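Subject: Structure handover

Hello,

Here is the structure I promised to pass on. Please open it first, then read my notes below.

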Amino acid sequence: MKNAARQFVRIIKEYCANNAIEVVSLSHDWIFVLRGKAGNKIIFGYDLGLNPSTVQAAAKDKAAAFEVLQSLGIPAVPHMMFLAPRFLRHIELEGNWQRILACHEANNRRSVVKPNEGTGGLDIFLVQGGDELERAVHEILARERSVAISPYQEISREIRAYVAFDKVPLLYEKRPPFVTGDGTSPVAELVWQKFGADALAGLVQFPQMAARREFLEQVPKPDAQVSLNWKHNLGQGSSLHRLQPSAHADAADLARETARAMGLNFGAVDVVEVNGGLKVLEVNSGVMFENAIRSGDIEYEDAYEIYARALDVLLKT
């Protein structure tokens, strides 16, 4: 997506026009300088500069965020970080592989491997065998400085809570893409009917081809809903279902508690339900609504209101 087409760019420019604030666009709308009464404010990407740099760094680092939350008694999904070999000299370790294998064994040989600082659901692998583990780790470390490994957990639902200055103005559930059985059609045909043949490769992901083929050939019972992807990322085909914070106070409270503990002023907390309990999956110091607005799951006006309140605070400090 070109920067000029981002909804965030539209919101920044609209807010500045509505409030008579001079705005300078740089780097093809990736950087903005807002000239307010309290001085110049810089917006970089989706970062409004409302969080301390240390909080931003901890939120970006999945393993660091987990360690911080664990130390503060906040339930969170474990993430263990392993540096690329070229960085190991900084922590006086001779290698990763034995520790990675031990971590995988501790996860009962069902691990989620992902970039430690990545986002958007890219390069995330569910691995079981040692060959899958090695391939996933090597593929990620060829591009990233570190990898995070987590135990695979059966997530019954994932909720994203937007936190803005100790309030939760927006809460929604991420729902993976699914098809509904008719009692006669295999999953592959149902996917083609609902999403089109071109979507099949991206939506249905399995680490092993045999398991993928078996999944696509099964015939679901009438009205049975079959999830196509174990990931809940919006960029991987999930849709949104808006929730009322008052009706889901447990998730909203955990998000607020997390934000307070980390010193997060403006951001998002991903909360997952595992075995009937809630845990923090990830913390995001940036707020992005691109996929949500374009899909129609969130109204542009709602996103504008959240950003406008944040910009009010930014320009007064």
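A salt bridge here is a side-chain nitrogen of Lys or Arg within 4 Å of a carboxyl oxygen of Asp or Glu. Keep in mind that this is a predicted model.

**Salt bridges**

Side chains of opposite charge can pair when their charged atoms come close. The structure holds 16 such salt bridges. Three of them are described here, starting with arginine 242 and aspartate 302. Their closest N and O atoms are 2.6 Å apart, which meets the 4 Å limit. Arginine 242 sits in strand β12 (residues 239-243) and aspartate 302 in helix α11, so this bridge ties together parts that are 60 residues apart in sequence. Arginine 242 is partly exposed, at 39% relative accessibility. Aspartate 302 is also partly exposed, with a relative accessible area of 27%.

Next, look at aspartate 166 and arginine 260. They form a salt bridge with the closest N and O atoms 2.8 Å apart. Aspartate 166 is in the loop between β8 and β9, while arginine 260 is in helix α9, so the pair ties together parts that are 94 residues apart in sequence. Are these two partners buried or exposed? Aspartate 166 is partly exposed, with a relative accessible area of 38%. Arginine 260 has 52% relative accessibility and counts as exposed, because the cut-off is over 50%.

Lysine 174 belongs to strand β9 (residues 167-175) and glutamate 158 to strand β8 (residues 155-164). The two residues are 16 apart, and their pairing links distant parts of the chain. Both lysine 174 and glutamate 158 are buried.

This pair also belongs to a network. Salt bridges with shared partners join Glu158, Arg160, Lys174 and Asp270.

**Helix packing**

Two packed helices are described by the angle between their axes and the distance between the axes. Take helix α1 (residues 7-18) and helix α11 (residues 300-316). They pack at an angle of about 60°, with axes 10 Å apart. That angle makes α1 oblique to α11. The crossing of α1 and α11 is right-handed. Helix α11 is also where aspartate 302 lies.

Now take helix α4 (residues 97-106) and helix α5 (residues 130-141). What angle do α4 and α5 make? It is about 125°, and their axes are 11 Å apart. So α4 is oblique to α5. The α4 and α5 crossing is right-handed.

**A buried leucine**

Helix α9 (residues 249-262) contains leucine 254. Leucine 254 has a relative accessible area of 7%, so it is buried. Its C-alpha atom is 9.3 Å from that of alanine 161. Along the chain, leucine 254 and alanine 161 are 93 residues apart.

**A nonpolar patch**

Which residues make the nonpolar surface patch? They are Trp30, Ile42 and Phe44. The patch covers about 310 Å². Phenylalanine 44 lies in strand β3 (residues 39-44). At 48% relative accessibility, phenylalanine 44 counts as partly exposed.

Best wishes

Key
Residues numbered from 1 in each chain as written. Predicted model: local features only at pLDDT ≥ 70, side-chain atom pairs only at ≥ 80, totals over all residues. Heavy atoms only, no water. Patch = residues over 30% accessible without salt bridge, like charges linked within 9 Å, V, L, I, M, F, W, Y side chains within 5 Å. Areas by Shrake-Rupley, 256 points an atom, 1.4 Å probe, with all protein chains shown as cover. Helix = DSSP H or I, 4+ residues; strand = E, 2+ residues; numbered from the N terminus. Buried < 20%, exposed > 50% of the residue type's maximum accessible area, 1.4 Å probe, protein only. Axes fitted to C-alpha atoms, helices over the stretch in contact; angles between N-to-C directions. Parallel < 35°, antiparallel > 145°, perpendicular 65-115°, else oblique. Left-handed = near helix turned anticlockwise from the far one by under 90°.
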